[in-house]
Every structure is written in C-alpha cells, then in structure tokens.
Amino acid sequence: MCVGVPMQLVEINYPTGIAEAKGVTREIGLQLLPQDAVKIGDHIIVHVGFAIEKIDKKLADEIWETLDEILRVMDEEEKSARSLNSPRDD
Amino acid sequence: MEKIKDIIKLIHSLVPENRRIRIMNVCGSHEHTIAFSGMRSLMPNNLEIIPGPGCPVCVCPESDIINAINLSRKDDVILVTYGDMLRVPTQKGSIRAEGKNFRMITSPFEAMNIAKSNPDKKTVFFSIGFETTTAPTAAILEMGIPENLFILSSHRLTPTIMEILVKDAEIGIDGFIAPGHVSAIVGSNAWNVFSEKYGIPTVVAGFEAENLLFGIMEILQQLKNGNVQTGNVYKGVVRPEGNVQAQKIMAKFFEAADVNWRGIGHIPGSGLELRAKYADKDARKVFRLEEIKEAKIPGCICGTIILGKAYPSACKLFKKACTPKTPKGPCMVSMEGACNIWYKA
C-alpha cells in the first residue's frame with residue numbers, strides 16, 4: 001500500500017483529477033498539492049489514489065522500471081485479495 | 001551496469017575491516033529491491049543491510065484487527081480496508097475468515113464511494129499505515145466525508161519508531177536508509193535528529209537498486225569522514241521541508257497518541273488518532289471500541305524481525321509452517337513484510 005505510482009495528469013477538477021499511467025486512467029485526489037502547483041501534463045507520484053508530489057518525466061520513467069517488477073508481485077497479491085469479497089475459500 | 005560495479009567497488013573500499021557496520025532500511029519497497037536484486041550478496045561480509053519497521057500491516061495491533069472483525073459482523077456496518085489487512089492472522093482469525101460485511105479498497109476515495117452508495121449503513125474505514133497513507137485519509141476528511149463514514153485510525157509515525165530503534169544498543173544501528181515516499185511527506189529535515197542528536201547518518205533513497213546503492217555509499221562515506229548529516233539521493237521527489245500542504249492537513253485532523261505496535265509493544269506518541277474535535281468521525285469513540293489484549297503467536301518472531309534483531313531466516317516457522325499462503329504472523333502476509341519478501345526473493 002505504500003508503493004507510489006508515477007502517473008501523468010490529464011484532467012484537473014481540483015481537488016480531484018484524472019491521471020494516466022501505462023494506458024490506464026483513474027480518478028485521483030489532488031488535495032495534498034496546492035491548486036496552483038498542478039497543471040495538465042504534470043507527472044506526479046500517486047499513493048493510494050492521491051498525488052503526494054510532482055516529479056519530472058525522466059524520474060517517472062526510472063521509477064516505472066523498478067515498479068514493473070514490484071507490481072508484478074503486487075498483482076498476484078491483489079488477485080488473491082480481490083477474491084476475498086467473493087465466497088471464502090479458507 | 002559498469003556504474004553499479006563501480007559503486008559496489010567503492011562500498012567495499014569504504015567499509016572498515018575491523019568492525020561490523022549495520023545499515024537499516026525502514027521501507028518495504030526498499031527491502032523488496034534489496035532482496036530481489038541480490039544486493040546483499042554483493043556487499044562486504046561485515047556490512048549488514050537490515051530490514052526494519054517498513055511494513056505497516058505487520059505492526060498494526062491485533063486489537064484493532066479484532067475490533068475491525070467485530071465491526072464487520074454488525075448488520076448495519078460495512079468495514080473497508082486495504083487488501084493486505086484482510087489476511088492478517090489474529091487470535092480470532094482474519095477479517096477474511098471471520099469478518100462478515102467487509103470490502104477491500106485501494107484508495108480512501110473508494111471508502112467515500114461505498115459510504116455514499118450505502119446510505120442506510122455505517123461504513124468504517126480501517127485506515128492503517130505510515131505517513132504516505134495517513135495523508136490521503138486526512139485529505140478525504142479535508143474534502144468532506146459522508147456522515148455515515150467513520151475512521152478507525154491505526155496510523156503510525158515513522159520518525160518516532162526510528163528513534164526508538166536508535167536508542168536500542170542491542171540493534172546497534174550505524175546508519176539509516178530513509179524511506180523515499182514517507183520522506184516526500186515529512187521532508188528530509190525530519191531525519192536531522194539522527195545526525196544531530198545521535199551521530200547516525202541518514203540518507204533518503206529511491207527505490208531502484210542503483211539509487212539505493214548510492215544511499216548506502218553516502219552513509220559509508222559519512223561514517224568514514226565523520227561528517228555526519230542527513231543525505232538525500234532522491235531529490236527529484238523529496239524536498240527538505242517535505243509536502244507542507246500534506247503536513248498541515250494531517251495536523252488538522254490527527255494528533256499523536258500512545259499506541260501499541262504488534263509484536264513490539266506500547267510506544268508513547270508513535271501513533272495518530274483523530275483529534276477530539278472530530279470524535280463524531282472516530283470509529284473508536286462512535287462504536288466504543290475497547291483494547292483487546294494481544295496474544296503471542298507461538299513460534300513467530302515477527303516483532304523481533306521488525307526491530308532488526310533477527311532476519312526472517314532465523315524464524316523456525318519461516319518457509320515451513322509459515323508461507324504466504326499459510327501466514328502464521330503478519331510479516332508473512334504483506335508484500336511489504338520482510339518474511340513475505342524473503343520468501344519470494
């Protein structure tokens with residue numbers, strides 16, 4: 001849950017916005033950044049759905065290199081966890 | 001790759017031959033990179049990179065989880081929390097096994113949406129984690145949450161637990177790799193106490209192997225030349241003052257509290273609870289939750305591992321009775337837990 005994901009802002013409706021990463025878009029919170037500090041096209045680090053800091057594109061790409069491996073493991077965990085809302089298996 | 005080889009060579013040259021150096025990381029994602037990259041095997045024998053309390057799921061009190069289970073069993077309550085929390089074992093089972101009305105969320109936004117979609121129910125957001133998850137929970141409070149949404153706060157403060165560890169001579173920490181994104185919130189200045197008060201170098205690092213190696217190298221350079229201070233090799237994300245807006249919003253809704261850390265015990269001022277002003281949103285007060293005595297998990301040394309006093313491989317349950325599919329202790333449940341990471345690496 002503490003994994004920060006670099007995303008790019010594509011729409012701003014402060015205090016929320018729409019951000020994109022790897023072709024996936026999601027609504028995110030911008031409340032933790034000042035309104036005048038964010039603009040469309042900015043790269044941001046998103047934690048549990050909220051932008052916590054702006055970053056440059058080069059760093060966003062570098063973080064994604066590491067995240068691809070971490071998220072591969074996380075995906076397996078989430079698939080397991082998602083089944084929790086359906087009938088229990090333990 | 002040549003650059004990495006050069007850094008490792010330099011690290012070898014900086015470690016003194018006549019003593020053991022122990023550098024602690026306090027972030028599950030750092031531990032993930034260290035373990036999966038095989039970095040430890042490339043370090044000098046007398047340089048230890050030890051995993052510390054970087055897993056919020058692991059330290060979440062058993063009492064809070066049992067209270068969450070009990071809340072989810074009320075007909076008029078929907079309990080929502082992050083996925084890892086659903087599988088954490090307790091003396092009463094896990095939320096997944098023993099809970100009734102519960103849902104996994106990946107963002108506090110989803111807690112808001114579930115509450116809005118279920119106006120006839122009370123939605124309780126079991127909100128856990130360090131500063132990176134506290135800030136988003138504070139953010140939804142700032143945005144305004146539905147009347148039927150309540151917060152069960154089990155948030156913990158990273159700088160406070162690190163100071164406890166520094167004072168423990170048994171651990172013997174020579175340097176800290178500070179967590180990258182916690183630092184983005186609290187600022188690299190938050191770690192100045194370690195250099196100024198305890199003479200321990202603390203360097204903020206990012207999550208890729210090369211950046212972490214830079215962080216380790218800087219700690220060793222400081223130890224060698226005696227010029228101990230807070231370092232930052234993750235400057236693209238972390239500023240000295242941190243995210244001031246996030247700090248203000250957190251301070252508006254939360255205050256420090258004396259809390260338990262699972263497997264570790266009671267630590268004054270190390271947690272965050274909602275301020276009295278927001279008692280009507282505080283699930284502890286609204287549902288009159290009581291503290292439940294923690295039960296020891298037979299054979300599990302999760303607390304000792306979190307404190308940096310043992311590696312997962314020292315636990316007799318590790319990879320035997322305790323696996324990610326059959327976790328006996330919280331350190332095997334979360335992908336940020338040292339046991340879970342070491343099992344998969």
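These legends accompany several views of a predicted model with chains A and B.

Residues are numbered from 1 along each chain as its sequence is written, and chains are lettered from A in the order in which they are written. Because the model is predicted, local features need pLDDT of at least 70 and side-chain atom pairs count only at pLDDT 80 or more, while totals for chains, interfaces and linings use all residues; side-chain values use heavy atoms, with hydrogens and water left out.

**View 1. Chain B as a whole, with its 15 helices and 11 strands.** Helices (H or I, at least four residues) and strands (E, at least two) are DSSP runs, numbered from the N terminus. Along the principal axes, the C-alpha atoms of chain B fill a box of roughly 65 × 45 × 35 Å. When contacts (heavy atoms within 4.5 Å) are counted in chain B between residues at least 6 apart in sequence, 74% of them join residues at least 24 apart.

**View 2. B:R87 in the loop between β3 (77-82) and α5 (95-98) of chain B.** B:R87 has a relative accessible area of 16% and is therefore buried. A polar atom of the B:R87 side chain lies 2.4 Å from the backbone oxygen of B:P324.

**View 3. Chain A, with one helix and five strands.** Along the sequence of chain A, the elements follow the pattern β-β-β-β-β-α. Of the 90 residues of chain A, 49% count as buried, and residues 24 or more positions apart account for 36% of the contacts in chain A with a separation of 6 or more. The accessible surface of chain A, from the Shrake-Rupley method with a 1.4 Å probe, comes to about 4,400 Å², and carbon and sulfur atoms hold 51% of it.

How values were computed:
Buried means under 20% relative accessible area, exposed over 50%, partly exposed in between (1.4 Å probe, protein chains only). A polar contact is a pair of N or O atoms within 3.5 Å; within protein, one must be able to donate a hydrogen and the other to accept it, and residues adjacent in sequence count only if both atoms are side-chain atoms.
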